[in-house]
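Trainee: Could you show me how to read a protein model, one feature after another?
Mentor: Gladly, let us look at one together.

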Amino acid sequence: MTLLPEKLLTGYRNFMAHRYANETMRYKQLADQGQTPETLVVACCDSRSAPEIIFDTAPGEIFVVRNVANLVPPYAPDGEYHATSAALEFAVQSLKVKNIVVLGHGRCGGIKAALDTESQPLSPGDFIGKWMSLVGPAAEAVSANALMTPFERQTALERISIRYSLNNLRSFPCIDILEKKGRLSLHGAWFDISTGELWIMNPETGDFLRPDPEEVGAATLE
Ligand SMILES: [Zn+2]
């Protein structure tokens, strides 16, 4: 009987031998004192876009919620099950994070599905179809643009959905209030899996800009 896939067991052994061995004190401190991450990242479930890897973070540094296509739904206190909203609430109200980053990525399968209007549901429940209908109007508008190539349409919707999620974050009263008080800042970023480039959203224009590599280097040195 296989209790865990062998690949995971091997990885765990490596983790204990290296990372945990090197950072034992940090883990013990985090266990004793609790976590105090300053940043919440909303990322996609995609196996290629793990924020802990992209931002090279240590344990305890970022609080992460992942869902299909890194979407934030609108504030809807309707008594239903809202996993992403629960994570947002905990990060903002209890952990009091200072930053929220919506991290999108290239070649997103969820976004591709939203653009493929002829795709059949994966199951009778069609959870993905329902979830991606959050960006349905934007997907329809982008799909209808015959001047764009399929790749351009996909990248456009990946970035539009980040702006959409940022707007929805502001529909949560606690986030809106804290942002207006200057105690919480919201950011958008888009990761290009094929090149490793991180495009960062200009909050004033909504445009995604590829930062100057030297500027990124300078920021790291601060
Ligand atoms: Zn994705």
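Here is our talk about the chain, from its overall build to a single site.

Trainee: What should I know before I start?
Mentor: This is a predicted model, in which local features need pLDDT of at least 70, side-chain atom pairs count only at pLDDT 80 or more, and totals for chains, interfaces and linings use all residues. Residues are numbered from 1 along each chain as its sequence is written.

Trainee: How many helices and strands are in the chain?
Mentor: Helices (H or I, at least four residues) and strands (E, at least two) are DSSP runs, numbered from the N terminus. This chain has 10 helices and 6 strands. Its radius of gyration, taken over C-alpha atoms, is 19 Å, close to the 17 Å from the globule rule (2.2 Å times the number of residues to the power 0.38) for 222 residues, so the chain is as compact as a globular protein of that length.

Trainee: How is the chain divided into domains?
Mentor: Domain bounds come from an automatic or database domain assignment. Here, domain 1 covers 1–34 and domain 2 covers 35–221. Their C-alpha centres lie 28 Å apart. Two residues are in contact if their C-beta atoms, placed from the backbone, lie within 7 Å. Between the domains, the contact takes 5 residues from domain 1 and 5 residues from domain 2.

Trainee: Is helix 2 buried or in the open?
Mentor: A residue is buried if 20 or more other C-beta atoms (placed from the backbone) lie within 10 Å of its own, exposed if 12 or fewer, and partly exposed in between. Of the 10 residues of helix 2 (residues 24–33), the number buried is 0, so this helix lies largely in the open. After helix 2 comes G34, with a positive phi near 85°. In the chain, buried residues make up 25% of the 222 residues.

Trainee: Where does UniProt place the feature "binding site"?
Mentor: UniProt positions use the numbering here, feature names are shortened, and annotations may be inferred rather than shown by experiment. The unreviewed UniProt entry gives C44, D46, H105 and C108. They span 65 residues in sequence, yet no two of their C-alpha atoms are more than 8.8 Å apart, so they gather at one spot.

Trainee: What does D46 touch?
Mentor: Leaving out residues up to four places away in sequence, D46 touches H105, C108 and G109. D46 sits in the loop between strand 1 (39–44) and helix 3 (51–54), and counts as buried because it has 20 C-beta neighbours inside 10 Å.

Trainee: And which residues does C108 touch?
Mentor: With the sequence neighbours up to four places away set aside, C108 touches C44, D46, A69 and E158. C108 is in the loop between strand 3 (99–105) and helix 5 (109–115).
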